[in-house]
Amino acid sequence: MVQSPSFRRLIGELDSAFVIPDEKGIKKVIYNAYDSMLPALINKININAKSVSLTTDMWTARNGQGYIGVTCSYIDAKFNLNEVTLTVTHVRYPHTAKHIMESLDKTLSEWKLHEKIFTITTDNAANMKKAISDMKNIEWQGCTAHTLQLVIGKGLVPVKKLITRVKRLIEFFTHPKQSERLEDIQKNIRM
C-alpha cells in the first residue's frame, strides 16, 4: 500500500511535509511494538487475573491453510471485563485434535496461562472438543450461540419448501404484467 503511486500522491496532497515510511520501516515499528507490548500484556494478565476463560475458533483460508484464533477473557479485582486476542496462528494439516492441542499448548506456554484456565469455549467440532478434553485440568464449554445457530438451521429445514414457494409467488406477482392482471381482477371483484 505504501508503495502505491496513487497512495503516495494522496498523502502528498494531504500533507506535503509527511514522509511515508517504506514497507521495511513499517514492519520494524510493528515488530518493535509487539516485542515491547507482549511481555507487558503477559505480566498484566498474570497480575490481574485469578483465572481466565479462553474462546477459540478454527477456520480454513482460501489457500487451504488452517488457522486458529484464541481470545482470553477475565474479570479483574475491580470487576472490569478484560479481553485480549492472544493469537491467530497457523495449524498444520491435518487439523486433528493433536495438532490443535499442540497449537493451543504453544499459545498457553507463551502467555504463561496453563495454571489460570477455567474453561475453553469452542464450537461443537469433534476435533476441537477432543483437543480440549485431552488437555489436563481444562474444561470444555460449547459455544451457546453456535449451538443455537445449528438448532435454528435444522428447525428451518421443514419450511424451506414453503419459503421457496412463497418467494416464487412474490416474484410472479411483482412482474408488471401479472401485477396489472391482479389489479384488474381486484377492480372487477369490487364492482
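Leaving aside its neighbours within four places in sequence, with which residues is Leu 86 in contact? The legends below take up this question first and then turn to other parts of the predicted model.

Residues are numbered from 1 along each chain as its sequence is written, and side-chain values use heavy atoms, with hydrogens and water left out. Because the model is predicted, local features need pLDDT of at least 70 and side-chain atom pairs count only at pLDDT 80 or more, while totals for chains, interfaces and linings use all residues.

**View 1. Leu 86 and the largest nonpolar core.** Leaving aside neighbours within four places in sequence, Leu 86 is in contact with Ile 45, Leu 54, Val 70, Thr 71, Cys 72, Thr 107, Trp 111 and Leu 113, where contact means heavy atoms within 4.5 Å. The core has 27 residues, and Leu 86 belongs with Ile 45, Val 52 and Leu 54 to those with the most contacts inside it. Two or more residues each come from α2 (23–48), β1 (52–60), β2 (66–75), β3 (81–91), α3 (97–111), β4 (117–122) and α4 (126–133), and the largest share, five residues, is given by α3. A nonpolar core is here a set of buried Ala, Val, Leu, Ile, Met, Phe, Trp, Tyr and Cys residues joined through side-chain atoms within 4.5 Å; buried means under 20% relative accessible area, exposed over 50%, and partly exposed in between (1.4 Å probe, protein chains only). Helices (H or I, at least four residues) and strands (E, at least two) are DSSP runs, numbered from the N terminus.

**View 2. The loop between β3 and α3, with Pro 94 and His 95.** The peptide bond from Tyr 93 to Pro 94 is cis, with omega near -5°. His 95 is buried, at a relative accessible area of 18%, and, apart from neighbours within four places in sequence, His 95 is in contact with Met 58, Thr 60, Gly 66, Ile 100 and Asn 127.

**View 3. Ser 51, in the loop between α2 and β1.** Ser 51 counts as partly exposed, with 37% relative accessibility. Leaving aside neighbours within four places in sequence, Ser 51 is in contact with Tyr 74, Lys 116 and Phe 118. Ser 51 and Ile 120 are 69 residues apart along the chain, and their C-alpha atoms are separated by 12 Å.

**View 4. The crossing of helix α6 (residues 160–174) and helix α7 (residues 176–190).** The axes, which are lines fitted to C-alpha atoms over the stretch in contact, with angles running from 0 to 180 degrees between N-to-C directions, come within 5 Å and cross at roughly 85°. The two helices α6 and α7 are therefore roughly perpendicular to each other, a term that covers angles of 65 to 115 degrees. Phe 172, Phe 173 and Thr 174 in α6 meet Pro 176, Gln 178, Ser 179 and Leu 182 in α7.

Terms used: Angles under 35 degrees count as roughly parallel, over 145 as roughly antiparallel, 65 to 115 as roughly perpendicular and the rest as oblique.
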